[in-house]
Amino acid sequence: MDTTTALDHYRLLGRSGLRVSPLSLGTMTFGADWGWGADETEARRIFDTYVDRGGNFIDTSVNYTNGAAEQILGRFAKAKRDQLVLATKYTMARDPANINSGGNHRYNLVRSVETSLRQLDTDRIDLMYVHAWDFTTRPEEVMRALDDLVRAGKVLYLGICNTPAWRIAQMQTLADLRGWSPLVALQIEYSLVERTVEHELLPMAQALGLGVLPWSPLGGGILTGKYSAADLSDANSADVAGDRKGVIASIGHLNARSLAIADVVGSVADELGVSRAQVALAWTLAQPGVVSPIIGARTLAQAEDNLDALTVTLSAEQLQRLDVASAVTPIFPERFIGRPMAQQLIFGTSTLQAR
């Protein structure tokens, strides 16, 4: 399957007319405040390489590296601000001791936007995400507050991350019915080691006009062959993010199944003479609804390797091997409705040509 492209072969973001690059530059690695990121000099080299190749879509968050990521990005972006689409997020607490510095409510949203505008040293946020659902704030409050910020010109487009599909559908319906600004982007974990999003989130995104931006398309480094059986861990405490391995363990991917999938990625990479990271990214780019996977490099070499995934072509046979190795078990109601007996009960003995 030919998926080759380039950073300046832009794509539309969901139902919007906004043009973005087919790989996004993530900045959670900008700054060393969390103990494992890139210093400002290396971050600058990564940023310049991405932009010089035609990349225009950069992802950050108000809380990444305790605010340093936005500050560093703001300095880098200043001279080329109108060439770039800057996406940031709110929800995560900026002050762990202040209960209202986190969450989806209007108070935190407004204060987070003010903080991001100051840290990014910009007059607007091009794409504003709800970073995660807090399971306490009403969807009407969130969508109305986001719409107010769009009307005020502080935010241009809206997106959402890490939220159940039914809740996103409810929020999008509210926006459409009330004439509020709709969601145009969905950022979710999606990779060969995390495909459960295919059950509900990906079909929902395609039906409701949200462009999909996968985070951690390399499975936190597992798909690059970085980890082995000696690294298997189920660590899940609140303080495991002190190193990168702890972060990956905390989201549940340091397991034998992930390593088996990584082995198949390695065999395909050997056949093509490319890196494992490039194979993993090429697979993600080939999936329906995916607009722009987010890469998060800590070194220039990693960034350049990731960007070269845009030139990798996976054959139909290689895609099938990767799909089989990483397949997830269907869940209800698909598990029931997709079986032959249920299909015949719905359609009889006739054949319906799908659109």
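Reply: Helices (H or I, at least four residues) and strands (E, at least two) are DSSP runs, numbered from the N terminus. This is a predicted model, in which local features need pLDDT of at least 70, side-chain atom pairs count only at pLDDT 80 or more, and totals for chains, interfaces and linings use all residues. Residues are numbered from 1 along each chain as its sequence is written, and side-chain values use heavy atoms, with hydrogens and water left out.

Me: Is Ala-165 buried or exposed?
Reply: Ala-165 belongs to helix H5, which spans residues 165-178. Buried means under 20% relative accessible area, exposed over 50%, and partly exposed in between (1.4 Å probe, protein chains only). Because its relative accessible area is 12%, Ala-165 is buried.

Me: Which residues does Ala-165 touch, not counting residues up to four places away in sequence?
Reply: Contact means heavy atoms within 4.5 Å. With residues up to four places away in sequence left out, Ala-165 touches Glu-200, Leu-201 and Met-204.

Me: Is Asp-147 buried or exposed?
Reply: Asp-147 sits in helix H4 (residues 139-151). Leaving out residues up to four places away in sequence, Asp-147 touches Trp-180 and Ser-181. Its relative accessibility is 2%, so Asp-147 counts as buried.

Me: What is the C-alpha separation of Thr-313 and Ala-286?
Reply: Thr-313 lies in the loop between helix H10 (300-307) and helix H11 (316-326). At 33% relative accessibility, Thr-313 counts as partly exposed. Thr-313 and Ala-286 are 27 residues apart along the chain, and their C-alpha atoms are separated by 9.4 Å.
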